[in-house]
Amino acid sequence: MAERFDRIWHNARLATLRESEPGLGVIEQGVVAARDGRIAFAGPQSDFPANADAPERIDCEGRWITPGLVDCHTHLVYGGDRAHEFELRLAGASYEEIARAGGGIVSTVAATRAASEEALAASALPRLDALLAEGVTTIEIKSGYGLETATELRQLSAARALGRRPVGVRTSFLGAHALPVEAGGDKDRYIDLVCNEMLPAVARSGLADAVDAFMENIAFSHAQTSRVFAAAKALGLPVKLHADQLSNLGGAALAAEFGALSADHLEHTDDAGAAAMARAGTVAVLLPGAYYFIRETQKPSVELFRKHGVKLALATDCNPGSSPLTSLLLTMNMAATLFRMTVDECLAAVTREGARALGLSAETGTLDAGKWCDLAIWDISRPAELVYRMGFNPLHQRVWRGQ
């Protein structure tokens, strides 16, 4: 009796990204078969059942198949834009100077608070579609531009609404992103609000998959961030952290202490922080778009993370102020060029390790039987082209849940 699948892709070259295989896990004569939205087979043609059948068989004509891409750190949902701040930076103002003068994150808050959920989702759709057009099948979206309960919930709800597109959406509550004007400079009182009112409301709503915070001199301290994380953990929510971006306040180590899924940015992380992340299994999410856009000079130490065996992910950090980037392909090129990451590291960083940074390793990120059939099919001659090219999109077809 023939083995039945819903769909079969054959005559393909596979980059499975399986951790158990060397490099990219390349299979030159490969087949992928889907059943009920999941991968039922991904491997060599020679191992595929000879009697297999499916209503649809797709001849890939030698094209490459990778797992669908994962953008594991974005701020995709927000109101307004910050093009005027870009002009200020070109005239010499620093990111920190703009933030201290009332610009930066806080300037997006007013526009976000004034927008309806429908307006927030509608304005995010072009950004989302740009990412999907490059093969993204899973995306993380943070709140953090409400800085009060109702708007934070509205942002998270708008983010979830984007999941009506064929894409997996994970959401992170980022109430501890910046200090709102009405807090009058009292960070501790605002953190009281985050822990005692906002976080419980978010947990009750079921709209967040994780809790994030921004630990920095212009944001929140080690002690304040610890309070947010303790409250999140008490509510059963995993944590992630914007850490060590502009200075080393020990963010990487704090993230590791709380078993964070990821610590992100990490330009100033030291040896102790990297070692702590390795012990905790916390993924390092590097964000070269922000490094490039705000003209940082301190690079994250890729060598340090390699030395300690910390897993490396990459993301666009798509946001209005410091990384208005909607290309994960360009992100890979930036990581290779600016941070000297290898092709294999870059491709793993936007598939397997991006999934790990979201706690989704069991569901996506590699071509393994049982995982969601989320694929990117490419018109390329070798995987290095995905990292090498700039401003060029060789996506042939994106597959989400086997469709």
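Reader: By class, how many nonpolar, polar and charged residues does the lining of the second largest cavity have?

Author: The general idea is to sort the residues around a void by class and then to ask where they come from. In this predicted model, the lining of the second largest cavity has four charged residues, together with three nonpolar and two polar ones. The residues concerned are Glu140, Arg170, Thr171, Ser172, Asp209, Ala210, Lys240, Leu261 and Leu358, and they surround a volume of about 60 Å³.

Reader: Which strand gives the largest share of that lining of the second largest cavity?

Author: Strand β8, residues 168–176, contributes three residues, the largest share of the lining of this second largest cavity.

Reader: What is the volume of the largest cavity, and which residues lie nearest its centre?

Author: The largest cavity has a volume of about 120 Å³, and of the 14 residues that line it, those nearest the centre are His75, Tyr95, His177, Asn319 and Ser322. Its lining divides by class into eight polar, four nonpolar and two charged residues. The count of cavities of 30 Å³ or more comes to three.

Reader: Turning to helix packing, at what angle do α6 and α7 pack?

Author: Here one reads the angle between the axes first, and then the residues in contact. Helix α6 (residues 187–205) and helix α7 (residues 222–234) pack at about 10°, with their axes 10 Å apart; because angles under 35 degrees count as roughly parallel, α6 and α7 are roughly parallel to each other. On α6 the contact is made by Lys187, Asp188, Ile191, Asp192, Val194, Cys195 and Leu199, and on α7 by Gln224, Arg227, Val228, Ala231 and Ala232. By class, the residues of this contact are seven nonpolar, four charged and one polar.

How values were computed:
Residues numbered from 1 in each chain as written. Predicted model: local features only at pLDDT ≥ 70, side-chain atom pairs only at ≥ 80, totals over all residues. Heavy atoms only, no water. 1 Å grid on protein atoms, 1.4 Å probe; cavity = no way out; pocket = protein on both sides within 12 Å on 5 of 7 lines; lining within 4 Å. Points joined across faces, edges and corners; volume = space filled by probe spheres on them. Nonpolar A, V, L, I, M, F, W, Y, C, P; charged D, E, K, R; others polar. Helix = DSSP H or I, 4+ residues; strand = E, 2+ residues; numbered from the N terminus. Axes fitted to C-alpha atoms, helices over the stretch in contact; angles between N-to-C directions. Parallel < 35°, antiparallel > 145°, perpendicular 65-115°, else oblique. Contact = heavy atoms within 4.5 Å.
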